[in-house]
Amino acid sequence: MCSRSVIKKINKLLLSKELSCKELTENYLNQISSSSLNAYITVCKDKALKSAEKVDEKIRSGEKLELLEGIPMTLKDNISTKAIETTCGSRILKGYKPIYNATVWNTLKSKNSVLLGKTNMDEFAMGSSCETSFIGGAKNPHNLNYVSGGSSGGVASAVAGNIAAYGLGSDTGGSVRQPSSFCGLVGLKPTYGSVSRYGLVAYASSFDQIGPIAKTVEDAAIVFDEIAKYDPLDSTSNPKANSLKTYESLTKSVKGLKIGIPKEYYDGIDEEVRKSLEKALEHYKSLGCEIKEFSIPEVKAALPVYYILACAEASSNLSRFDGIRYGYKTSHYTDVNEMISKTRSEGFGAEVKRRILLGNYVLSSGYYDAYYKKAQNLRGLISRAFDKAFNTFDILLTPTSPVTAFPANKKYSSPDEAYLCDICTVPVNIAGLPGVSIPCGFDSNDLPIGMQLIGKKFSEAKILNAAHQFELVTNFNYIKTPSMGVKI
Amino acid sequence: MKYELVVGLETHVELATKTKIFCSCANDFGASPNTHCCPICIGHPGTLPKINREVVNLAIKAGLATNCTINFRSKMDRKNYVYPDLAKAYQISQYDLPICKNGYIELSSGKKIRINRIHMEEDAGKLAYKPSEIYIDYNRGGVPLIEIVTEPDISSSEEAKEYVEKLQNILRYAGVSDCKMQEGSMRCDVNISVKPFGSNSLGTRTEIKNMNSVTFMTKAIDYEYERQIDVLEDGGKVVQQTLRYNESKSSTESMREKEDAHDYRYFGDPDLVEIILSSEDVEKIKKSLPEMPESRFKRYTETLGISEADADLLTKYKNVADFFEAASKEIKSPKIVSNFIIGEIFRSIETESEKENFDISITPVQLEELVKLVELNKINMNLAKKTLAKMLKTGKGVGEFISESDMQGISKEEVERLCKDAVKNNESAVKDYVSGKEKALKAILGSVMRQTKGRGNAQEIEKKLVELIKNT
């Protein structure tokens with residue numbers, strides 16, 4: 001069967017010389033400029049065309065082309081790109097051009113990737129709709145009245161809307177997987193420590209991980225294999241990352257694979273989501289997998305643990321934005337304290353301020369033990385519960401989100417109602433595990449449904465293998481694909 | 001009522017590493033502003049710290065040299081506070097798992113000043129105030145520091161002085177830091193309180209920040225001691241506050257009161273992994289430590305026969321002690337080497353910092369050659385000292401100034417002949433001596449010594465002269 005991989009298709013196209021890389025890139029750039037998705041914050045037209053020309057030269061001279069070379073792609077706007085504005089979706093970083101490259105971008109750049117631009121996101125990756133961005137949210141290509149999901153909504157919107165072949169997002173509590181699920185894409189949140197965080201503007205350092213968002217599992221695997229690498233610049237990077245080769249094991253049979261169904265994940269989820277997951281299980285059964293339900297009650301604590309710890313780290317990580325060295329600075333002030341406080345008041349949006357306040361609160365003397373310390377202990381408990389589950393199961397299968405994409409500008413009665421969206425994704429970040437979201441159906445509004453496969457640390461090959469085998473027997477990632485953007 | 005002084009010290013020491021604590025920028029003092037900076041030490045978004053292993057090694061050295069226990073598991077924490085010179089708005093430090101704990105420094109009285117902990121941290125940048133403008137220099141941001149925290153065991157400004165000087169000396173010996181207070185590579189915060197004599201409970205303390213000289217520190221302690229007693233005697237209460245010492249007014253003044261105290265919201269830095277050490281790691285560092293001044297002092301006084309005062313001077317600076325030891329390797333009486341260093345050589349050095357550097361023009365081997373000639377009675381002390389002075393001036397060895405014939409010594413017969421001639425030629429001086437003027441003999445001795453060109457032994461010649469005069 002012919003591969004559905006967008007990367008492989010483009011690679012073939014370029015090698016066939018039917019289309020030059022420059023022409024291809026121009027197509028993408030034209031589609032971006034006429035797009036109404038609001039997916040991009042910054043478009044790098046000149047730089048993209050220059051990279052494309054370099055690839056064309058290589059093709060002309062008959063040199064071998066690696067798979068990622070010349071592929072027009074995008075980066076979430078919290079991944080540092082030298083001399084290219086990196087805003088994190090925030091007014092406070094408007095105009096900020098990093099003086100160095102993130103390790104992942106150095107890696108992809110060295111592979112002659114064509115960076116089309118930087119994509120939209122919830123401000124500092126705080127949100128599940130992309131709507132906390134200072135330019136407003138990116139739209140869902142499946143229905144423009146719905147959100148793309150978040151926080152890497154711009155990447156998902158761009159990839160689903162065919163104005164990027166693939167992209168890198170970041171996942172702190174679900175920010176790669178949830179928008180992938182909302183937009184009918186494959187999104188991988190790798191094991192903590194397998195992809196360098198150097199150059200990723202930190203939201204919550206002990207949770208953040210960069211991961212690919214792509215049309216197919218093959219594409220996600222190709223990109224992941226390139227960016228999974230030990231990085232001496234990141235102390236939390238793990239040498240095991242160097243031996244992760246997922247692409248070559250995609251085709252393995254999943255017969256006999258033990259799949260665990262943690263029932264807590266299915267409490268209170270949307271009926272349509274539940275039904276499509278049940279169908280997915282049937283597919284796995286027919287592939288010869290052993291499926292068993294089990295209980296992991298510890299994950300019930302995941303949401304408060306995540307919001308306490310992530311906000312604590314965020315409150316510290318975001319303190320450096322003071323208007324002194326880079327980014328937005330208030331125009332009227334009388335002394336340095338007023339300058340810092342006005343800069344931050346004007347530069348940050350409401351959701352970021354809320355999380356900074358919450359984080360400062362849980363770290364304050366008198367509250368530290370009751371919140372931060374307790375949450376740390378629970379984090380250990382949750383991790384150990386997963387370790388135990390993986391003594392029995394190879395992978396776990398859960399929904400990615402309890403619901404499908406919701407309408408844009410939805411009003412919540414309280415912030416924690418919105419936080420509930422993350423209930424299925426945060427446990428993976430708490431335990432540092434790999435998780436991949438893949439399409440598994442559509443709801444009655446024709447909006448994509450995603451399911452999540454979770455593995456133990458550094459088992460990306462296993463979950464992507466299971467994902468790929470599912471993809472081969474289903475068609476969710478290419479039927480009902482939005483008819484916009486560049487046709488490959 | 002009589003009051004006791006209770007002092008605890010927190011000493012910050014800049015470590016003598018080539019590079020900063022979390023990046024590869026140079027750790028240099030005095031460069032032009034913002035030239036030793038990179039995205040990491042100016043905290044640009046997305047950058048990550050990476051601990052410099054040499055910082056850990058030097059912190060362990062400091063701990064071992066001050067009798068601390070080394071924590072095999074320690075971690076870095078974030079201390080959150082907003083100040084323009086702190087680029088990340090948090091200082092990476094150590095909170096609940098410092099690298100070293102439970103040490104002490106022994107004072108000359110035998111009293112032990114207990115060290116509660118030593119932890120590693122990064123320094124902040126510096127602000128420069130111009131009229132209506134503030135400039136920030138981030139060169140110092142990320143310079144590695146250790147903070148050495150004592151228990152409140154110090155009970156006088158003299159003890160505080162001795163503790164700081166001992167600590168300085170130990171850390172210099174261990175190669176941990178140059179501990180230059182005037183350049184800010186060592187600075188002290190003083191916690192100070194008073195309590196009724198013999199009382200078990202501590203009084204309310206104040207903290208005097210950033211003392212950058214031992215002299216000012218002792219003055220500040222003495223001042224603050226008196227001030228707190230005055231407050232109490234007047235029926236008042238000491239207010240817990242942070243003070244600074246005003247050098248021109250010789251008094252302390254308030255920086256902030258307890259209500260304004262920071263809540264640093266410490267938590268483990270998620271960007272850095274725990275520092276795990278093995279006993280082999282620590283053992284290796286222990287072996288690399290040089291002999292500490294305390295132990296050298298003991299050896300010099302007990303086995304080398306050097307006076308305590310001299311041993312003190314020799315061990316005060318490691319370079320001096322090292323020079324002394326290198327120059328007396330094959331010497332039977334190291335006391336001569338010690339005398340030359342403390343006498344002739346120190347006389348040629350003007351400042352304490354020059355003494356500390358001890359960058360003199362001759363090598364220990366050159367000094368050893370000279371002392372050997374004295375030991376072999378080939379030249380006398382007088383000639384040796386004169387020669388040493390010339391050596392120090394030129395950096396040249398003994399051979400340049402003393403010829404083979406000079407080193408032949410002088411025969412008994414020749415001494416006898418010269419003495420006889422001298423007695424004959426100095427009749428009036430001989431008369432004076434005989435009539436009781438002891439000094440007259442020195443004049444005769446001087447003339448003989450001149451004729452021996454420094455080869456003669458003054459004591460022998462004096463004996464000979466007295467013998468000749470008695471016999472006439």
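This is a predicted model: local features need pLDDT of at least 70, side-chain atom pairs count only at pLDDT 80 or more; totals for chains, interfaces and linings use all residues.
The interface is taken up before the single sites. Chain A brings 36 residues into contact with chain B, and chain B answers with 30 residues. Together the two chains bury an area of about 2700 Å². Carbon and sulfur atoms give 57% of that area. Three residues stand out on the side of chain A. A:S235, A:R320 and A:R325 supply 23% of the area that chain A buries against chain B, more than any other three residues.

Charge pairing across the interface comes next. One salt bridge is found between chain A and chain B. It joins the side chains of A:R197 and B:D271, with an N to O distance of 3.1 Å. Polar contacts were also counted between the two chains. There are 17 residue pairs in polar contact, with both residues at pLDDT 80 or more.

Three elements of chain A give two or more residues to the side that touches chain B. They are α9 (302–317), α10 (336–347) and α11 (350–363). Of these, α9(A) gives the most, with four residues. By class, the side of chain A that touches chain B has 19 nonpolar residues, 12 polar residues and five charged residues.

Within chain A, A:D171 is found in strand β6, which covers residues 166–171. Is A:D171 buried or exposed? Its relative accessibility is 0%, so A:D171 counts as buried. The side chain of A:D171 has polar partners. One is the side chain of A:R177, joined to that of A:D171 by a polar contact of 2.8 Å. Another is the backbone nitrogen of A:S175, which lies 3.4 Å from a polar atom of the A:D171 side chain. Leaving aside residues up to four places away in sequence, A:D171 touches A:V176, A:R177, A:K189, A:F207, A:D208, A:Q209 and A:N429.

A:A418 is in helix α13 of chain A, residues 415–419. Its relative accessibility is 19%, and the cut-off for a buried residue is under 20%, so A:A418 counts as buried. Beyond four places in sequence, A:A418 touches A:S128 and A:Y412. A:S128 is 290 residues away from A:A418 in sequence. In space, the two residues are 7.7 Å apart, C-alpha to C-alpha.

In chain B, B:S185 is placed in the loop between α2 (157–173) and β11 (186–196). B:S185 is buried, with a relative accessible area of 5%. A polar atom of the B:S185 side chain lies 2.6 Å from the backbone nitrogen of B:K180. B:K180 is also one of the residues that B:S185 touches, not counting residues up to four places away in sequence.

Backbone geometry was considered last. Most residues other than glycine have a negative phi, and most peptide bonds are trans. Several sites in this model depart from that pattern.

The peptide bond from A:G150 to A:S151 is cis, with omega near 5°. A:S151 is in the loop between β5 (143–147) and α5 (153–160) of chain A.

Positive phi values occur at two sites in chain B, described here in turn. Phi of B:A89 is near 65°, and this residue is not a glycine. B:A89 is in the loop between β4 (77–80) and β5 (90–93) of chain B. At 5% relative accessibility, B:A89 counts as buried. For B:S250, phi is near 50°, again a positive value in a residue other than glycine. The loop that holds B:S250 runs between β13 (241–246) and β14 (251–257) of chain B. B:S250 is partly exposed, with a relative accessible area of 36%.

Methods: Residues are numbered from 1 along each chain as its sequence is written. Chains are lettered from A and ligands numbered from 1 in the order in which they are written. Side-chain values use heavy atoms; hydrogens and water are left out. Contact means heavy atoms within 4.5 Å. Buried area is the accessible area (1.4 Å probe) that two parts lose on being put together, summed over both. A salt bridge is a side-chain nitrogen of Lys or Arg within 4 Å of a carboxyl oxygen of Asp or Glu. A polar contact is a pair of N or O atoms within 3.5 Å; within protein, one must be able to donate a hydrogen and the other to accept it, and residues adjacent in sequence count only if both atoms are side-chain atoms. Ala, Val, Leu, Ile, Met, Phe, Trp, Tyr, Cys and Pro count as nonpolar, Asp, Glu, Lys and Arg as charged, and the others, Gly among them, as polar. Buried means under 20% relative accessible area, exposed over 50%, partly exposed in between (1.4 Å probe, protein chains only).
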